[in-house]
Amino acid sequence: MHKYLPHTNQEIKEMLDKIGASSIDDLFDKIPKSLKIKKDYDIPEAMGDDELTNHMHDLANKNQELLIFRGAGSYDHYTPSAVKALISRQEFLTSYTPYQPEVAQGTLQYIFEYQSMVTELTQMDVSNASMYDGSTATAEAMFMAHAQTGKKEILVSSTLNPRIIDVIKTYAHYKGLTVTLIPEKDGITDVNFIKANIQDKMGVIVSNPNYYGIIEDYNGLADIIHEAGGLFVINQEGQSLALLKTPGELDADIACGDLQSLGIPLSFGGAYIGYLATKQKYVRKMPGRICGITTDVDGKRAFVLTLQAREQHIRRAKANSNICSNQSLNALAVTIYLSLVGKEGFVKFAKESLNGAHYLYNKLLETKKFEKVYDKPFFKEFVLKANFNVEKFNSYLLDQGILGPLQIKDDQLLFAVTEKRTKAELDLLIEKVVNFK
Amino acid sequence: MKKLYDTLIFDLSKEGRIGYQYKEKHLDEVNLPTDLIRSTPASLPEVSEFDVVRHYTNVSQKNFGVETGFYPLGSCTMKYNPKINDELATIKGFANIHPLQPEHTMQGLLQIYYETQEMLSKISGLKAYSLNPFAGAHGELAGLMIIKAYHQKNKDEKRTKIIVPDSAHGTNPASATVCGFDVVEIKSNIDGTVNVDALKAVLSDEIAGLMLTNPNTAGVFEKDILEISKLVHEAGGLLYYDGANLNALLGHAKPGDMGFDITHINLHKTFSTPHGGGGPGSGPVGVCEKLVEFLPNPIVTKKGDTYHLELAKDSIGNLGMFYGNASVYLRAYVYLRTLGKENIKDVGSLAVLNANYIKESLKDIFDLPIEGNCMHEFVFDGLKDSSTGVKTLDIAKRLLDYGYHAPTIYFPLIFHQSMMIEPTEVESKDTLDGFIEIMRTVAKEAIENPELVKTAPHTTIVRRLDEVKAVKQPILKYKDIQ
């Protein structure tokens, strides 16, 4: 007996009698003898609950919780505690995809609320129910552009997070699509390269803010891309949508990115959540689930998965995407987070990140131990050039419980500051820098 | 009829209300150039913390979860999601770790990643695993990329076709297309198993591989699996195992022994991690020895007593930002350590016992298209007596009235009135007897009062939905309502 296996020997016997089998092994009669496992798996024996709890805490203690000044796609943000409490409710946590809508109105409703919020954040017409993470959402945006235009080559800015570029390249390679990188010029996308090369491309992918934290000026870019018949894709992480000119305002065709910064823990890089939003006219090329509103036979309002003719379970080999899930529970976490911080808090936290990052940037420059690399507007991340040994610096910080900036090339360091970093913490880092020899 | 809580979070909004507590830093305000900033703030709700808590508690109560009642959804393995998994997977020493920390500051997580890979290898009989794929379909895509990379490395680029039986999950052909393959669909035998003659007819030097679920989507073990794998391998193709139905095999057989070169495993099915209303899941991809070098980046290795992130030699590349859905495989790790070698072998046994018990208890009134022992699930093809016109959909909806979740319906596609039932091993005989009794009640109602069944459900918070209207007049966000 085991706590997850409720059968008594008497019940097993009664069940076998009903089936007309003499043993459980008889039920496996179709498995050829040569394939039958003859001994136990070579895995560890079961642990008692207390033993396992101690074991997991021991393992957790082998990880170091640090004061974080690093981002690059994963951000240490404040999350109200109600988020975790609510997403832990079993009705949300343990249910399947809402295929029986009469008993899944809870999931369907929050997906509808999530889609509503994503369209508010991005100012796009329509959002799906979410994707795996920001990188796969961007790769799927490329597939949408391919399906819409029929063209096989895409321009991708070199100023995207290189991890996202890697994922786009992987997806493109196997699908037989070509990724051409747009060179960067002084930390931003070279628009002249786009002008010269946009013909016959399915579109352009840029990010905002870019990998270096710089807020790029994409005003007018949509016209250049649209004139050539391409789609304009903007990758943008969640919190920055509070402040920056939105993908909708920039006339982007697809907005995508990661929403980890809105209520999802760092958690070793996953599970996060990608979003994907587009214009109404491209909705039928959009992958993933979409929830809509209808009525039931009594005329009551009800939520339902809709426009499913796009999806793999209907179109099989003709589908534009193979996705058959969403990061539903994380979409719920984002929805609850955005409800709690609300209209005002969403902007306030973005500003606190912005102000904190600029405070740190200026103070670090004052130490004379760093130099500017780019002189451009930035959001919560920035790059500085160090006048010292970078590895030694980061291990010095680590010794004091601080996760320093990410070394992105040679002596260039990428810092991140979120609203969660207090002034005392910022001052602590500055003090450490001053004292670093 | 239950009262419908029909309020959207936006409807609760009152200007000025907030639901957070945060101490401002009072640093100098930074003003960004006006042509780079948004002109109007996002219209998010303005609500108090308690508003939010009560709202989402009410919303949650419109859902049926595994803890609510029996959830015999075929192909989905809706087993109990243990509490200890949730507790231990979310402790601070896991939740607060940044993925780009130096390796020596996250040895615990790397160890869990490594040991989970190892345990999955031992259980499935494959050489090595990557936990990077985010879901089952993502694992399929990874596996197909590996097939393609393997043939490309062998300069065997004419292999552009993937064989998929017509009984396969829809993701199989869709993944093959996304990976740039042409799909060759072959007709199955009446029990959904591979028709060996049909397979032979399409094998050629253009075949890159075969995708197979075993037991198949009708709950039948491929008895010819050794011949199938021999044929595919002789033709130069690779064998892909869709691990959606692995639960049946726990303790009994290994995909690796059957000749499969690549697998994906759904941790959210076999290894008890929650489905979360549709995700996040986790779909680790495993490979035989000759394919290890193609695994997605990064891989976790062990040298002496320390664990490292490395790049595989001929890796297919990166499939996500970091290292997969860690919060999910942490739960699977806890589950594996809770069961251990001495209990995990009973999982397949009891899952199969439960499925056969339901099948034998109901086959006198439901049409059983495939005779004989099933594995962890089976398919009924509607009612035996269909004279009153009651269909599988009606039965599924009527079950909701009785507090049961419906089985998977109209899949697999090889039968017209498919009703696919998978009880899993966690359900007791008492629960199964309750379900059997209600199934018999519904079957009786179908004859005596067919309208009652055809118009079900009657007691759920909403009843049958007008899905056509949702497509014709799409309302996809709050502003579309106004």
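Author: Ile336(A) touches residues of both chains: Ala82(A), Val83(A), Leu86(A), Ile87(A) and Gly263(A), together with Val52(B) and Tyr56(B). This list leaves out residues up to four places away in sequence, and contact requires C-beta atoms, placed from the backbone, within 7 Å. The model is predicted: local features need pLDDT of at least 70 and side-chain atom pairs pLDDT 80 or more, whereas totals for chains, interfaces and linings use all residues. Residues are numbered from 1 along each chain as its sequence is written, with chains lettered from A and ligands numbered from 1 in the order written.

Ile336(A) is also one of the residues with the most contacts inside the largest nonpolar core, which has 294 residues. Such a core joins buried Ala, Val, Leu, Ile, Met, Phe, Trp, Tyr and Cys through C-beta atoms within 7 Å; buried residues have 20 or more other C-beta atoms within 10 Å, exposed ones 12 or fewer, and partly exposed ones a count in between.

Chain A, to which Ile336(A) belongs, has 437 residues, of which 59% count as buried. Its C-alpha trace spans about 80 × 55 × 50 Å along the principal axes, and it contains 13 helices and 17 strands. These elements are DSSP runs numbered from the N terminus, helices (H or I) of at least four residues and strands (E) of at least two. Among contacts in chain A between residues at least 6 apart in sequence, 72% join residues at least 24 apart.

Between the chains, 162 residues of chain A are in contact with 169 residues of chain B. On the side of chain B that touches chain A, helix H10 (residues 326–362) contributes the most, with 23 residues.

Chain B also holds an open sheet of seven strands with mixed pairing, in the order E1-E7-E6-E5-E4-E2-E3; pairing takes at least two DSSP bridges. At its edges, E1 (128–130) and E3 (182–186) of chain B each pair on one side only. From one strand to the next the twist averages 25°. Strands E6 (residues 262–265) and E7 (residues 285–287) of chain B run antiparallel and share three bridges, with Thr263(B) opposite Gly286(B). By contrast, E2 (residues 161–165) of chain B pairs with E3(B) in the parallel sense over five bridges, and there Pro165(B) stands opposite Ile186(B). Helix H4 (residues 107–124) of chain B lies across E1, E6 and E7, at about 130° to E1(B); the angle, on a scale of 0 to 180 degrees, is taken between N-to-C directions of axes fitted to C-alpha atoms, for helices over the stretch in contact.

The loops hold some backbone details. Gly270(A) is joined to Ala271(A) by a cis peptide bond with omega near 0°, and Ala271(A) sits between strands E9 (254–258) and E10 (274–278) of chain A. The bond from Asn297(B) to Pro298(B) is likewise cis, with omega near -10°; Pro298(B) is placed between E7 and strand E8 (299–303) of chain B. Leu307(A), although not a glycine, has a positive phi of about 55°, and with 19 C-beta neighbours inside 10 Å it counts as partly exposed. Ser75(B) has a positive phi near 80° and is buried, with 21 other C-beta atoms within 10 Å.

Notes:
Contact = placed C-beta atoms within 7 Å.
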